[in-house]
Amino acid sequence: MLTKLQAKVFFLGGTAVFFGIFLVLTIDTHLKVPFQTNAKDITSAVIAGKRIWESNNCMGCHTLFGEGAYYAPELTKVVENRGKDWLKVFIKNPAAMFPGQRKMVHYNFTDEQIDHVIAFLEWCGRVDLNGFPAEPPLRDALQAMGTPTGVVASNGPTPLQKPVPAVFTTGTCIGCHQIQGQGGAAGALIGAPPLDDVFRRKTRDQIIEWISDPAKVKPDTKMPKLVGIAITDAQVIEIADWLVSLNPETAAPTAAPAPAAQPK
Amino acid sequence: MKFQSQKIAYWFFAAAMLLLVLQVVYGFIMGFARIGMDGLHGWIPFNTARAVHTNLLVVWLLLGFMGSAYFIIPEEADRELMWPKLAWVQLISFLVVGVIAIVGYHFNYWEGRKFLEIPRPLDYLVVINVLAFLANIGLTIWNGKRYTTTAIVLYFGLLAAALLYLPGMIDFDNQTLDSFYRWWVVHLWVEGVWELIMGALLCYLLIKLTGVDREVVEKWLYIIVGLTFLSGILGTGHHYYYIGAPRYWLMIGGIFSALEPLAFLGMAIYALSMAKKGGRRHPNKAALNWTLGSAIMSFVGAGFLGFAHTLPQVNMYTHGTLVTAMHGHMAFWGAYAMINLAMIAYVLPILTGRKLWDNAASSYAFWLSNIGMVAMTGAFAVAGITQVNLERRMGLDFLAVQKEIEIHFVGLILAACLFFLGICLYIYNFWRHGLPTDEAAQSDVRAAEDLPTVS
């Protein structure tokens with residue numbers, strides 16, 4: 001049977017050996033991390049953003065690289081998923097973007113500070129995290145089961161292909177909605193429909209009424225009232241005009257030749 | 001109580017109890033926020049409540065460890081504490097620093113690094129404080145009449161815990177390196193040197209409560225803490241899978257953290273077999289319950305539930321979800337909260353001379369808090385697994401998923417009420433013991449526990 005001395009040797013020896021291995025691996029990691037994390041891209045803005053991230057304990061609700069609390073969303077890929085314009089508007093007034101939902105502290109950051117935070121998150125999003133966060137393995141299967149009802153009308157004229165005006169980006173629309181194949185990452189499965197064929201479902205006036213105050217038309221909608229936050233009244237009209245202009249049947253003859261509705 | 005200076009332990013324990021209550025209160029604030037009742041958001045937003053909740057945990061556990069050391073070390077070294085007054089200064093200054101930190105969190109004054117939120121200037125005060133503590137018990141051991149394995153392991157654990165606090169104070173511009181060294185503190189504390197402290201306390205309690213020969217108990221202590229470091233040091237790798245560290249950590253972290261439950265299993269078997277060997281002859285049933293309970297619950301919470309999501313293939317989807325909260329709650333409760341409560345239950349009758357060690361309140365305290373914690377862990381588990389499936393595997397939106405799992409937090413709050421009732425009963429029993437007295441040394445409390453040694 002083991003003596004006390006042998007047990008002591010097992011403890012001290014084992015600890016020394018494994019701590020030694022751990023130290024060697026730590027040194028190796030320390031040397032490799034700068035390459036894996038693109039440390040050359042850590043600008044002063046990224047560092048300033050990191051300080052803001054820490055001094056406000058953002059980790060106390062959010063997770064970053066999967067680390068933090070679990071009260072608010074994981075932010076590693078947030079710049080890629082939502083877009084910088086969306087984030088700028090969101091950070092200025094978080095409650096406005098998610099009315100009646102879980103609250104974020106309203107920080108009075110300057111525009112420069114917001115840019116720093118976004119620069120930091122953008123750098124984080126490009127770090128090689130060994131595959132994290134994984135693509136949801138069941139997402140495709142779920143989408144194959146059918147798109148949410150009322151999201152896409154499958155028949156009707158095929159929308160025109162046109163360049164997307166800047167207002168859709170600055171107005172944060174493409175944070176949730178897909179337009180001409182762009183954006184839509186954040187809204188894919190919460191029922192934010194692609195907007196290319198919205199003319200099939202709504203008239204110009206209905207679109208204006210909807211954007212001006214979504215909750216008035218549909219009280220349980222997840223779409224925030226963006227007028228006064230991300231867009232102006234004039235821009236609402238600009239958006240509505242552009243969306244109905246995608247209808248090939250009412251498009252001006254000078255527009256690109258409208259392809260005929262193709263049978264599916 | 002053999003030495004007058006051991007009385008200081010009482011005040012460390014009393015402070016720990018106070019902070020434990022406060023910790024639970026902040027836990028309730030978060031639980032209610034999760035079911036939409038966030039009326040306190042303007043004053044105590046979630047990140048404040050969260051930082052207070054986890055920091056109070058760390059502070060009260062450390063107070064418990066320090067109190068335990070101030071009780072055990074004089075006895076093991078067979079002499080009075082080196083500087084009893086310094087222990088008082090150390091307790092009060094530790095509390096002052098803690099209170100400043102906690103209050104600061106309500107005014108956005110913190111470092112914002114998970115578990116190490118204490119702002120940098122206060123970090124230095126913590127270091128000075130802990131140095132004073134280590135010097136005090138270190139010199140007591142050095143000048144003592146005897147050296148015991150229990151005292152040495154306990155001291156080594158506390159010293160290593162202090163040293164490992166330092167890597168967390170290095171500044172990095174790179175978030176990955178920041179996180180990498182933050183885990184040196186957090187992981188090597190809770191899955192490394194704190195287990196040493198826990199092992200030493202467990203060892204001390206088993207010697208006292210079962211009457212098994214010291215040589216036998218201490219021999220196995222070495223084996224247990226040996227297993228802890230064998231698996232736990234490289235097991236740190238399970239925090240390095242997905243933070244931007246090299247890929248080899250997936251393999252190393254996976255293998256060694258999968259071995260970590262063995263150390264906890266060893267601890268549980270160790271405690272149970274010693275209790276069986278010695279028989280349950282000691283009158284302090286409450287202390288024995290908490291001691292064995294700690295060994296078992298730490299295996300379930302830290303070992304088994306930790307293993308449940310430590311493999312990289314699983315962790316890819318559970319990393320950063322409520323599954324972590326499930327594991328965390330029972331692990332801390334079983335391993336560190338219960339061992340402290342065991343020490344307190346054992347020490348109080350000795351310090352005060354009152355034999356309140358086997359009554360209804362102490363028994364209900366044990367069972368209600370444990371059943372409550374098991375139920376809380378269950379609620380976190382259901383919420384966490386649902387979150388993993390909906391958000392990580394199906395790709396649903398974060399907030400939409402949170403809405404779906406809200407109901408499980410109603411369950412969590414109900415379970416937490418049961419848990420809190422148990423804690424309140426424990427503290428009621430604490431209060432009934434009254435204050436430590438000089439006469440306690442002459443009382444027959446110790447005589448009652450002089451068990452014939454079993455080898």
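Colleague: Where is the place of Thr377(B)?

Modeller: This is a predicted model. In it, Thr377(B) sits in helix 12 of chain B, which covers residues 360–393.

Colleague: Why is Thr377(B) called buried?

Modeller: Its relative accessible area is 5%. Buried means under 20%. Thr377(B) therefore counts as buried.

Colleague: What does Thr377(B) touch, leaving out residues up to four places away in sequence?

Modeller: Leu305(B), Met326(B) and Met330(B). Contact takes heavy atoms within 4.5 Å.

Colleague: Now helix 1 of chain B. Why is it called largely enclosed by the rest of the structure?

Modeller: Count its residues. Of the 27 in helix 1 of chain B, 19 are buried, so the rest of the structure largely encloses this helix.

Colleague: What span is expected for helix 1 of chain B, and what does it reach?

Modeller: Helix 1 runs over residues 8–34. At 1.5 Å a residue, 39 Å is expected. From first C-alpha to last, the helix reaches 40 Å, which is close to that. Just after it, Gly36(B) takes a positive phi of about 90°.

Colleague: What makes the meeting of Lys4(A) and Glu218(B) a salt bridge?

Modeller: The distance, N to O, is 2.8 Å. The rule asks for a side-chain nitrogen of Lys or Arg within 4 Å of a carboxyl oxygen of Asp or Glu. The pair Lys4(A) and Glu218(B) therefore qualifies. Across the interface of chain B and chain A, the rule finds six salt bridges.

Colleague: Which helix gives the most to the side of chain B that touches chain A?

Modeller: Helix 7 of chain B, residues 214–235, with 13 residues. That side divides into 43 nonpolar, 19 polar and 18 charged residues.

Colleague: How many residues are in contact between the two chains?

Modeller: 80 residues of chain B are in contact with 73 of chain A. Between them the chains bury about 7,000 Å², with 64% of it on carbon and sulfur atoms. In chain B, Asp173(B), Gln175(B) and Tyr222(B) lose the most area to chain A. Together they make up 10% of what that side buries.

Colleague: And chain A itself? How many helices and strands are there in chain A?

Modeller: There are 12 helices and two strands. Along the sequence the pattern reads α-α-β-β-α-α-α-α-α-α-α-α-α-α. Of the 264 residues in chain A, 44% are buried.

Note on methods
Residues numbered from 1 in each chain as written. Chains lettered and ligands numbered in written order. Predicted model: local features only at pLDDT ≥ 70, side-chain atom pairs only at ≥ 80, totals over all residues. Heavy atoms only, no water. Buried area = accessible area lost by both parts, 1.4 Å probe. Helix = DSSP H or I, 4+ residues; strand = E, 2+ residues; numbered from the N terminus. Nonpolar A, V, L, I, M, F, W, Y, C, P; charged D, E, K, R; others polar. Expected span 1.5 Å × (residues − 1). Buried < 20%, exposed > 50% of the residue type's maximum accessible area, 1.4 Å probe, protein only.
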